[in-house]
Amino acid sequence: MLIDISSDYGYVVLVVSSTWILLNWMGMKVFEARRVYSVPYPKMYSGDDRFNCVQRAHQNTLEVYPTYLILQILGGLYAPKLGAVCGLIWIAGRVAYALGYYTGDPEKRKWGAFGYIGLLTLLVCAVMFGLSLLGLF
């Protein structure tokens, strides 16, 4: 079976490419927090939870990033425009999550919970893509 990739898939490619900005912004925030809170390399955590909140926001994003990527790529093949919008929602959710976490109050990381709307919709699109390949949908 051949898969015809729509030119609209370019939106998905651009959204995936834009995650480089997200990850580097978060990485720079950790770099800056290391300087501000005097946390030398290779320490991952410190006795100061303000640093730990910045570091965890970045680390958690890196932990969920592979799942996001595969769902973005596969879900975007099924519905490229919807997939791209969902990717933007996920990115905005990660920014809100980080900004909340950066306050030093871990409860405020919940600001980014809306990003799961994008991620779960990508999951549905990926499942629909698989079903359509099997001729079941």
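Buried here means under 20% relative accessible area, exposed means over 50%, and partly exposed lies in between, with a 1.4 Å probe and protein chains only. By that rule His58, at a relative accessible area of 16%, is buried. His58 sits in helix α2. Helices (H or I, at least four residues) and strands (E, at least two) are DSSP runs, numbered from the N terminus.

This is a predicted model, in which local features need pLDDT of at least 70, side-chain atom pairs count only at pLDDT 80 or more, and totals for chains, interfaces and linings use all residues. Residues are numbered from 1 along each chain as its sequence is written, and side-chain values use heavy atoms, with hydrogens and water left out.

Start with the overall layout. The protein chain has 4 helices and 0 strands. From the N terminus the order is α-α-α-α. The C-alpha atoms fill a box of roughly 55 × 25 × 20 Å along the principal axes. Of the 137 residues, 37% count as buried. Contact means heavy atoms within 4.5 Å. Among contacts between residues at least 6 apart in sequence, 69% join residues at least 24 apart.

Now take the helix pairs. Axes are lines fitted to C-alpha atoms, for helices over the stretch in contact, and angles run from 0 to 180 degrees between N-to-C directions. Angles under 35 degrees count as roughly parallel, over 145 as roughly antiparallel, 65 to 115 as roughly perpendicular and the rest as oblique.

Helices α1 and α3 pack at about 10 degrees, with axes 8 Å apart. Therefore α1 is roughly parallel to α3. Residues of α1 in this contact include Thr19, Leu22, Trp25 and Met26, while those of α3 include Trp90, Ile91 and Arg94. The contact residues divide into 15 nonpolar, 3 polar and 2 charged. Here Ala, Val, Leu, Ile, Met, Phe, Trp, Tyr, Cys and Pro count as nonpolar, Asp, Glu, Lys and Arg as charged, and the others, Gly among them, as polar.

Helix α2 (residues 49-78) meets helix α4 (residues 115-133) at about 55 degrees, with axes 7 Å apart. That angle is why α2 is oblique to α4. Among the residues in contact are Tyr68, Leu71 and Gly75 of α2, and Leu119, Leu122 and Phe129 of α4. This contact has 12 nonpolar, 3 polar and no charged residues.

Next, the core. A nonpolar core is a set of buried Ala, Val, Leu, Ile, Met, Phe, Trp, Tyr and Cys residues joined through side-chain atoms within 4.5 Å. The largest one holds 25 residues, and Met26, Ala57, Tyr68, Trp90 and Tyr102 touch the most other members. The elements giving two or more residues to this core are α1 (9-36), α2, α3 (80-101) and α4. Trp90 shows the reach of one member. Beyond its neighbours within four places in sequence, Trp90 contacts Thr19, Leu22, Thr61, Val64, Tyr65, Tyr68, Gly115 and Leu119.

Finally, return to α2. Leaving out residues up to four places away in sequence, His58 touches Leu23, Met26, Gly27 and Val30. Gln55 also belongs to helix α2. Gln55 is buried, at 6% relative accessibility. With the same exclusion of residues up to four places away, Gln55 touches Val30, Met44 and Tyr45. Ile73 lies in helix α2. Ile73 is partly exposed, because its relative accessible area is 35%.
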